[in-house]
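Subject: A structure for you to look at

Hello,

I am passing on a structure for you to explore. Please open it beside this message, and then read on for what turned up.

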Amino acid sequence: MVYLFADALYESLRRQAGCREGILVTWAILGDGSKVLVHLSLGNKERYEDWLEHFRDLVRRGLKTPLTVTTDGAPGLIQAVEAMWPEAERIRCWVHKMRNVPDKVPEEARPVLKLYLEAIRDAPDIERGRRLVAEVVERFGREYPSAMRSLQEDLEASLAHLRLPAAHRKHVRTTNLVERSFEEERRRAKVIPRFRSERECLKLVFAVLWRASERWRRVQFSEHEQKQLQRYMEERQRQKAAQKEAPAATVA
């Protein structure tokens with residue numbers, strides 16, 4: 001297991017008008033480049049406790065610590081990832097970032113701002129990404145402070161994909177794969193729009209996503225990418241070791 005992804009889908013239940021059932025979904029990119037659906041569970045509020053139990057199920061089934069975990073900004077999800085896998089690099093979804101930041105500026109300013117956001121997202125390395133963020137905040141901060149706060153929210157996680165091999169970044173920086181696959185498959189199969197029970201909901205969503213996952217394209221893991229990942233893991237280990245030594249040095 002190399003890259004892990006977690007997100008939630010919401011489906012309506014017939015038994016209660018306005019009731020939407022949350023389905024917690026985890027999938028992964030393996031070391032051979034394949035994309036696989038890993039786990040589904042119910043959690044209608046996306047609470048920390050729901051996600052933590054979801055991840056504990058994975059660990060009980062033998063899942064080892066992933067290299068990265070990509071999520072959206074749901075607080076309970078982020079808290080559960082950090083509690084379960086503190087050693088993993090958490091990555092913030094860029095699909096959500098590209099929606100949320102432009103939504104906070106007038107329509108006429110969005111095209112220019114989106115170009116800046118794309119430049120940050122596609123920066124050659126994390127240091128260049130940080131410099132571009134500073135430039136954008138300098139330019140737009142006074143006029144659009146709420147948008148700039150949204151851009152800087154969870155910034156290190158938003159830039160974390162820039163530490164990975166360039167060929168992998170576009171695959172790892174978003175959680176949109178399952179949501180897009182699910183909507184596409186529903187259009188193809190004309191799945192019932194409202195479910196009668198939680199069990200039926202989970203069963204049919206699993207069937208839909210499993211079928212969609214059979215068409216997911218593999219990610220390239222060449223010898224070059226393998227070496228880059230090895231260097232990345234070694235650097236992460238050095239950072240973790242330094243963090244552990246820092247408190248002891250401060251006390252001394």
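Which glutamate side chain meets the side chain of arginine 163 in a salt bridge? The partner is glutamate 156, with 3.6 Å from N to O. A quick word on the term: a salt bridge here is a side-chain nitrogen of Lys or Arg within 4 Å of a carboxyl oxygen of Asp or Glu.

Before going further, please note that this is a predicted model, where local features need pLDDT of at least 70, side-chain atom pairs count only at pLDDT 80 or more, and totals for chains, interfaces and linings use all residues. Residues are numbered from 1 along each chain as its sequence is written, and side-chain values use heavy atoms, leaving out hydrogens and water.

With the salt-bridge rule above, the count is 19. Arginine 163 and glutamate 156 also belong to a network of salt bridges, which links them with Glu89, Glu127, Arg130 and Arg236. Arginine 163 is partly exposed at 27% relative accessible area, and glutamate 156 is partly exposed at 37%. For these words, buried means under 20% relative accessible area, exposed means over 50%, and partly exposed lies in between (1.4 Å probe, protein chains only).

Arginine 90 bridges to glutamate 82, with the closest N and O atoms 3.2 Å apart. Here arginine 90 is buried at 13%, whereas glutamate 82 is partly exposed at 43%. Glutamate 135 pairs with arginine 128, and their closest N and O atoms are 3.7 Å apart. Glutamate 135 is partly exposed at 41%, and arginine 128 is partly exposed at 29%.

Happy exploring!
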